[in-house]
Amino acid sequence: MPDEILNDISHRRYNPLRGSWLLVSPHRTKRPWQGQQEAPSKSSLPEYDPKCYLCPGNKRAQGDSNPSYTNTFVFVNDYSAVKEEQAPYSPGSNNSGAEEEDDLGATLLQAQSVTGKCYVLTFSPQHNVTLADMTSDDILPVVETWTRIYASHISSPSSSSSSPPYLASQAATCLASLPPLEPGVSLPSPPKQQLRYMQIFENKGSAMGCSNPHPHCQVWATSTLPEEPSMELRNMTSYRRAKKRHLLADYAELEIERKERVVWQNETILIVCPWWAVWPYEVLVLPKRHVRTLVDFTGDERKQLAEAIQEVGRRYDNLFECHFPYSSGIHQAPLDASEEEAENSYLHMHFYPPLLRSATVRKFLVGYEMMAEPQRDITPEQAAARLRDCGAELYRKDL
């Protein structure tokens with residue numbers, strides 16, 4: 001157990017994945033709350049909504065029609081944040097045309113072009129379910145589709161690279177092992193050029209900015225490595241060079257041994273409220289063995305990942321008996337990873353939920369958090385204990 005005094009005093013905790021600190025103030029939950037309260041999410045949605053852009057058979061905003069899919073469906077986002085083709089950009093020289101040894105503009109006003117493809121992936125044809133309502137068997141096609149999309153982007157057919165990416169052979173083997181797509185459903189064509197990174201993420205609930213309640217996630221593949229996974233990869237690389245071991249493999253082993261922050265586990269996957277969690281009920285989903293990317297999972301391990309995702313969703317909803325909002329995302333090796341980048345990567349999934357005291361009171365990262373460093377109130381150990389107690393059948397099945 002951590003030192004008992006940490007349950008009562010303000011203290012800082014270190015996040016080795018980000019190389020950063022956060023402030024923990026466990027006594028603050030005793031203060032009265034007269035601030036904003038979020039309205040509880042309602043569960044009165046129909047199974048099919050003729051006006052929904054994501055339901056089977058419906059037309060989307062740009063006029064394309066969805067197929068009559070029965071599990072998952074992927075399409076290029078009609079309003080993509082990045083696109084494959086755009087006007088070229090390269091930093092220009094200064095106005096005088098003369099080269100300066102110390103050009104402040106080039107130093108302080110940097111920009112770079114970003115291209116890529118953005119996708120939307122539906123979890124289910126049913127408009128009124130979430131991952132918490134779905135069974136692990138229902139979620140497995142979602143995991144398989146994530147895997148298929150990632151694998152199809154590792155080695156683009158028209159890539160100008162003189163040698164295939166390090167993970168290409170594993171991706172090809174994985175694609176061959178996946179079940180075929182259902183009739184009438186296909187993946188969008190792969191990008192024309194090899195992209196650098198793929199971010200899979202879900203925003204659940206209007207409190208997290210979700211604009212459509214139909215169960216879905218987004219997949220953004222970009223020509224650059226984003227800041228958050230880049231920071232994690234740097235720290236995992238430094239740790240492996242120093243220790244000759246993987247940071248998250250060591251962390252999973254430590255948490256399994258100590259138990260106080262473990263929410264749930266099966267043979268393959270660990271769910272833990274991390275020591276360095278910022279959000280009140282933040283969890284980290286970790287493979288117990290070194291997995292670089294989704295294509296490294298075996299078929300049985302994909303089933304166990306689907307089971308873990310269902311456990312997170314159900315426990316969240318049971319905690320305050322509401323449709324619990326969150327943002328989640330998978331971090332894994334870059335699409336064009338070098339051998340060192342791939343071997344230093346360790347796939348993991350973050351869940352960041354905002355609710356703090358109830359279905360209507362949320363945590364805000366403002367003020368001190370924006371100006372100084374992140375801060376949390378309840379300890380991760382307290383959060384883990386509460387989530388461990390929420391493993392019963394989904395509360396609304398009894399309503």
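In which strand is the place of His216? In this predicted model, His216 lies in strand β6, which covers residues 216–222.

Is His216 buried or exposed? Its relative accessible area is 13%, and a residue counts as buried under 20%, so His216 is buried. Leaving aside residues up to four places away in sequence, His216 touches Leu54, Val120, Leu121, Thr122, Phe123, Glu202 and Cys210.

Six of the seven residues of β6 are buried, so the strand is largely enclosed by the rest of the structure. Strand β6 pairs with β4 (residues 116–122) in the antiparallel sense, over seven bridges. Within this pairing, Cys118 has Trp220 of β6 as its bridge partner. Strand β5 (residues 197–204) also runs antiparallel to β6, and five bridges join the two. Here Thr222 in β6 stands opposite Tyr197.

The strands β1, β2 and β12 form an open sheet in the order β1-β2-β12, with mixed pairing. Its edge strands are β1 (11–15) and β12 (375–376), each of which pairs on one side only. Strands β1 and β2 (residues 20–24) run antiparallel and are joined by five bridges. Tyr14, for example, has Trp21 in β2 as its bridge partner.

Helix α5 comprises 12 residues, 247–258. Why does the distance between its ends agree with expectation? At 1.5 Å a residue, the helix should span 16 Å, and its end C-alpha atoms are 17 Å apart, which agrees. The buried residues of α5 are Leu247, Leu248, Asp250, Tyr251, Ala252 and Glu255. These buried residues pack against α4 (227–243) and against the strands β7 (262–265), β8 (269–272), β9 (283–287) and β11 (348–352). After α5 comes Lys259, whose phi is positive, near 75 degrees.

A further helix, α7 (residues 339–344), contains Asn344. With a relative accessible area of 3%, Asn344 is buried. Not counting residues up to four places away in sequence, Asn344 touches Leu233, Met236, Thr237, Arg240 and His246. With one of these, Thr237, the side chain of Asn344 makes a polar contact of 3.2 Å.

The last topic is the nonpolar interior. In soluble globular proteins, nonpolar side chains tend to be buried together. The largest nonpolar core of this model has 65 residues, of which Trp146, Tyr150, Tyr281, Val283, Val285 and Tyr316 touch the most other members. Helix α2 (residues 136–154) supplies the largest share of this core, nine residues. Apart from this core lies another, of 17 residues, which includes Tyr251, Ala252, Trp276 and Trp279. Tyr251 and Ala252 are also among the buried residues of α5. As for Tyr316, its contacts are Tyr281, Glu282, Val283, Phe324, Tyr326, Phe351, Pro353 and Leu387, again without residues up to four places away in sequence.

Technical notes. Residues are numbered from 1 along each chain as its sequence is written. This is a predicted model: local features need pLDDT of at least 70, side-chain atom pairs count only at pLDDT 80 or more; totals for chains, interfaces and linings use all residues. Side-chain values use heavy atoms; hydrogens and water are left out. Two strands pair if DSSP finds at least two bridges between them. Helices (H or I, at least four residues) and strands (E, at least two) are DSSP runs, numbered from the N terminus. Buried means under 20% relative accessible area, exposed over 50%, partly exposed in between (1.4 Å probe, protein chains only). A polar contact is a pair of N or O atoms within 3.5 Å; within protein, one must be able to donate a hydrogen and the other to accept it, and residues adjacent in sequence count only if both atoms are side-chain atoms. Contact means heavy atoms within 4.5 Å. A nonpolar core is a set of buried Ala, Val, Leu, Ile, Met, Phe, Trp, Tyr and Cys residues joined through side-chain atoms within 4.5 Å. The expected span of a helix is 1.5 Å times one less than its number of residues.
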